[in-house]
Amino acid sequence: MRIIHTADWHLGRRFRGIDRTFEIAIALEQILKQAKALDVDAVLVAGDIFDVPNPPAYAETHCL
């Protein structure tokens with residue numbers, strides 16, 4: 001079984017007022033490409049997917 005292990009995506013996070021959604025979306029695209037290329041069985045997220053308990057809608061659109 002092949003697994004990609006990730007942690008703490010924090011979608012919707014703003015760092016010092018700067019929206020990081022774009023760079024996080026790029027990283028998620030890279031994870032997706034690697035999962036397909038390596039024929040991965042599962043992607044494990046061991047941590048927070050969203051930055052807050054009630055994430056904004058734009059953050060939810062970037063989930064795999």
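Contact, as the word is used in these legends, means heavy atoms within 4.5 Å.

**View 1. The surroundings of His10 in the predicted model.** His10 is placed in the loop that runs between strand S1 (3-6) and strand S2 (14-15). When residues up to four places away in sequence are not counted, His10 touches Ile24, Asp48, Ile49, Phe50 and Asp51. With one of these residues, Asp51, the side chain of His10 also forms a polar contact of 2.8 Å.

**View 2. Helix H1 and its buried side.** Helix H1 spans residues 21-37, and its 17 residues reach 24 Å from the first C-alpha to the last, which is close to the 24 Å expected at 1.5 Å a residue. Within H1, the residues Thr21, Ile24, Ala25, Leu28, Ile31 and Ala35 are buried. These residues lie on the same side of H1, because they cover an arc of only 115° around the axis. The partners against which the buried residues of H1 pack are S1, strand S3 (18-19), strand S4 (42-45) and helix H2 (57-60).

**View 3. The opposite face of H1 and the residue that follows the helix.** On the face of H1 turned away from its buried side, Phe22, Lys33 and Ala37 are exposed. Asp39, which follows H1, has a positive phi, near 55°.

**View 4. Confidence along the predicted protein.** The average pLDDT of the protein is 87, and 95% of the residues score at least 70. Confidence is highest in S1, at a mean of 95, whereas H2 has the lowest, at a mean of 80.

How values were computed
Residues are numbered from 1 along each chain as its sequence is written. Side-chain values use heavy atoms; hydrogens and water are left out. Helices (H or I, at least four residues) and strands (E, at least two) are DSSP runs, numbered from the N terminus. A polar contact is a pair of N or O atoms within 3.5 Å; within protein, one must be able to donate a hydrogen and the other to accept it, and residues adjacent in sequence count only if both atoms are side-chain atoms. The expected span of a helix is 1.5 Å times one less than its number of residues. Buried means under 20% relative accessible area, exposed over 50%, partly exposed in between (1.4 Å probe, protein chains only). The arc is that of the directions from the helix axis to the C-beta atoms. pLDDT is the predictor's confidence in each residue, from 0 to 100.
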